[in-house]
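Please describe this structure for someone who has not seen it before.

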Amino acid sequence: MFNILQKSFSIGSATADYPNIPPRLAEQFRGCPEFDFDAWSDARPAAEVCPTGAIALHDGDSLRDVTVDYGRCIFCGECAEASADGAVRITRNFELAVTDRRDLVLTAEYTLHPDGSHAELQSTNSGPSAEIPARRIAAAIHHLLGRSLSIRQVDAGSCNGCEQEIVALNNPVHDIERFGIHFVASPRHADMLLVTGPVTRNMELALRKTWAATPEPKVVVAVGACGIGGGIFGTNYATMGGVDAVIPVDVYIPGCPPRPEALLHGILLALGQVRQSMGSHPRR
Amino acid sequence: MTTFFNELHDRFPELVRSVEEPVSNQVVILLNGPDVTAMVKHFLAEFQARIVTVFAEDRVNLEGVFYVYYVFDRPGDKSWVILKTPIPENVPSFPSLAAELPAINWQEREIQDWFGLEAAGHPNPRRVALHDNWPDVHPLRKSFPLDSVLPPLEGERHVYRPTYGEGVFQIPVGPVHAGVIEPGHFNFAVAGEPILYLQLRMFYTHKGTEKLFENLPIHRAVFLAESISGDSAFSHGTAFCQAVERAAEIEVPKRAQFMRTILLELERIANHVADVGAIATDVGFAIANAHAGRVRELVVGLNEALTGSRVLRGMVAVGGVRRDWQRDQVEAIGKTLNVVEREFRDLVAIIQSSDSTRDRLEHTGILRPDKALTLGIVGVAGRASGIDRDIRRDHPYEAYSQLPFKVPVYQAGDVRHRMQVRIDEVGESFQLIRAALARLPEGSHHAPTQPMPPGRCAMGAVEGWRGEIVHWVRTGEGNRIERCKVKDPSINNWPAIVEAVEGNIIADFPVINKSFNLSYSGTDR
């Protein structure tokens with residue numbers, strides 16, 4: 001007993017004060033890639049190496065449509081290494097959660113040289129609108145649900161990578177309970193479903209039933225590249241793709257897996273959705 | 001070695017067509033037909049051989065046959081022995097060995113489901129990998145397109161074996177569990193508190209992974225290998241890369257071998273530390289888990305500094321590793337390990353000082369050594385039940401043959417000793433990493449890229465933190481994968497849980513399950 005107390009006192013508080021203070025990221029940490037569409041001379045090498053098809057090309061007559069989908073990106077960094085012109089850069093940005101799936105998709109249209117490289121940028125759609133910083137959302141939590149939110153996590157087919165980081169939310173460093181957020185054992189006790197994917201054929205029914213068992217108002221958060229769009233598994237004979245192919249999704253958190261702070265950012269963003277849906281579902 | 005094969009020829013002259021060693025330490029015995037039963041019995045009796053995995057391959061278009069492969073391991077022999085048996089298309093059947101070798105019960109049924117080859121005489125030939133409600137499809141046949149869209153699944157439901165008796169009832173649990181864990185279904189038959197019998201149903205997370213490998217460019221396939229079991233991303237990635245490197249005769253530079261070894265051990269440390277904490281949690285000792293969670297954060301922080309990813313993704317590559325380390329990164333390893341080692345020692349002391357915790361862990365969930373041997377249990381769970389086996393020592397890869405380490409083995413087979421194996425192994429990993437750092441070679445971290453020769457086959461095997469991970473590949477045209485078989489240790493070890501829970505109270509199931517901590521995704525793929 002004495003040694004337990006002694007150890008706890010000697011450690012003090014281990015909790016990192018995210019989102020008030022940015023997390024300590026290793027210098028080598030890979031966040032999402034950033035694309036300088038004006039300077040991008042050829043998207044083919046990046047599309048060729050992208051393991052999940054997050055960078056996709058559609059070539060027409062001397063025109064190329066480039067689509068970059070952060071929802072399917074696994075942050076491997078291959079696109080930056082493959083693009084000799086330096087137009088693709090790996091950033092340290094991980095706060096990528098959005099409420100609209102379309103906000104994760106960037107597009108650009110190029111005219112082409114005869115050799116297939118880009119001649120001129122015709123148009124871009126820069127996707128993500130300005131996101132609400134996690135800090136501001138955290139401030140809102142004090143008004144919500146009596147300062148408590150119950151999450152039921154559902155693994156609908158994940159590789160267990162996302163689960164590791166979700167478990168880490170409960171350790172003393174990330175300590176999600178300091179926000180009044182806790183994980184519960186039944187969907188019947190939950191306000192939020194935190195779902196990882198890809199949704200497999202063998203889990204489809206269980207996911208639908210879990211969603212049906214969760215009382216209104218409820219929000220659904222899709223976690224990771226697989227939960228958002230099937231990730232590296234995509235849609236095949238055994239998988240249905242992302243969570244929103246089966247149940248409605250309110251917030252999408254990119255990553256492979258998303259680091260705990262990225263999960264926290266997305267969960268706090270979803271809290272804003274809880275508040276909205278509580279407005280439309282007055283407490284009975 | 002030669003005598004062994006001469007003797008095989010003499011004993012089974014009708015059966016053996018050829019014996020080759022296309023890859024060093026991987027001997028392929030091609031047979032004339034599918035009837036391996038007598039030869040396998042001979043292997044088991046004469047050589048104490050152990051079956052590692054069984055899998056199939058569709059070569060109908062090119063060779064007019066399916067192949068079923070049986071991989072064996074013999075004590076004291078660094079070679080893997082691979083039996084390759086042709087199955088004619090018009091007689092799609094192979095003899096089941098599951099009655100003698102329960103370790104391959106599910107793997108034989110996988111072949112039935114995926115290839116439509118009958119495991120003749122299987123004691124329980126029901127569907128396993130494709131659930132009962134699936135239509136009659138065989139996705140790993142080459143004639144089945146990956147992107148096939150199946151109609152909504154509306155077939156029969158799974159029937160569990162009924163249990164009868166006064167006061168006997170069944171408790172269905174899952175696939176969505178109470179904690180943050182993967183999906184699977186447990187059907188407990190209990191008489192009051194004690195568990196009489198546990199039935200498992202897995203493959204809820206079947207994602208078509210082996211089919212996805214087919215035709216995938218090799219550099220992309222590495223990322224798929226990393227997504228087989230998320231807590232073993234680096235081990236699975238390395239096993240896959242080893243298989244390709246051996247098939248294509250790519251020499252991995254010494255520095256990359258040492259870097260891989262260090263990262264494999266960091267994966268082991270991070271997971272073992274988390275498991276020790278989780279076992280404590282499941283008997284209500286939450287403070288230990290709080291410390292374990294903190295210690296794990298130190299390790300994954302180091303992972304991030306070394307690879308850019310907390311869980312070691314995007315680092316391993318065919319031919320070596322993707323990124324080299326600067327001097328400050330190498331120095332960070334030793335510094336962080338010193339802190340982690342001190343903290344882990346304190347954590348273990350805290351757990352060991354708690355009598356009530358020890359009381360819950362000792363004699364709980366016992367897997368007897370004779371059962372472990374019969375069931376073919378591998379890894380941590382095997383070593384806690386007397387199975388003295390570790391791929392790092394028995395089939396050395398990367399830098400392991402040059403580094404000193406001990407393999408802890410216990411006979412008790414309870415939760416306490418599965419935890420103790422982890423504690424001992426973390427200690428060994430510290431020493432391994434330090435020894436590797438002291439001798440970290442200079443030079444390249446990646447072999448020069450070269451086109452892969454098609455049609456080459458080889459196996460990679462890694463002792464992941466959970467146990468033996470095996471990948472077998474055939475390379476295809478245009479730097480692509482033709483077939484990749486993945487064997488996670490979990491598929492061997494689920495039957496051990498069934499065995500270990502019997503007679504225990506149902507309230508101890510979570511801690512027994514956690515002491516094995518098997519991968520559902522690795523099983524289901």
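Of the 284 residues of chain A, 51% count as buried; a buried residue has 20 or more other C-beta atoms within 10 Å of its own, an exposed one 12 or fewer, and a partly exposed one falls in between, with C-beta atoms placed from the backbone. This is a predicted model: local features need pLDDT of at least 70, side-chain atom pairs count only at pLDDT 80 or more, and totals for chains, interfaces and linings use all residues. Residues are numbered from 1 along each chain as its sequence is written, while chains are lettered from A and ligands numbered from 1 in the order in which they are written.

Chain A has eight helices and 11 strands. Helices (H or I, at least four residues) and strands (E, at least two) are DSSP runs, numbered from the N terminus. Among chain A contacts between residues at least 6 apart in sequence, 78% join residues at least 24 apart. Two residues are in contact if their C-beta atoms, placed from the backbone, lie within 7 Å.

**Where the chains and domains touch**

Chain B puts 53 residues in contact with 46 residues of chain A. On the chain B side, α5 (209-213), α6 (218-226), α9 (286-307) and α10 (327-352) each give two or more residues. The largest share, nine residues, comes from α9(B).

Chain B itself is assigned domain 1 (2-120) and domain 2 (209-363 + 438-488 + 517-524); the bounds come from an automatic or database domain assignment. The C-alpha centres of these two domains of chain B lie 29 Å apart. Their contact takes nine residues from domain 1 of chain B and nine residues from domain 2 of chain B. On the domain 1 side, β1 (16-23) and β3 (50-59) of chain B each supply at least two residues.

Ala, Val, Leu, Ile, Met, Phe, Trp, Tyr, Cys and Pro count as nonpolar, Asp, Glu, Lys and Arg as charged, and the others, Gly among them, as polar.

| Side of domain 1 of chain B that touches domain 2 of chain B | six residues | two residues | one residue |

**Helices and strands of chain B**

Helix α7 (residues 233-248) and helix α8 (residues 254-281) of chain B have axes that come within 8 Å and cross at roughly 145°. Axes are lines fitted to C-alpha atoms, for helices over the stretch in contact, and angles run from 0 to 180 degrees between N-to-C directions. F234(B), S235(B) and T238(B) of α7(B) meet R260(B), L263(B), L264(B) and E267(B) of α8(B).

An open sheet of three strands in chain B has the order β8-β9-β10, with antiparallel pairing. Strands pair if DSSP finds at least two bridges between them. Six bridges join β9 (residues 185-191) of chain B to β10(B). Among the partners, N187(B) bridges to Q199(B) in β10(B).

Is strand β13 (residues 457-463) of chain B enclosed or open? Seven of its seven residues are buried, so β13(B) is largely enclosed by the rest of the structure. C457(B), M459(B), A461(B) and E463(B) are buried on one side, and A458(B), G460(B) and V462(B) on the other. Seven bridges join β13(B) to the antiparallel strand β14 (residues 468-475) of chain B. M459(B) stands opposite W472(B) in β14(B). The two strands, β13(B) and β14(B), form a hairpin with four residues between them. In the turn, G467(B) has a positive phi of about 155°.
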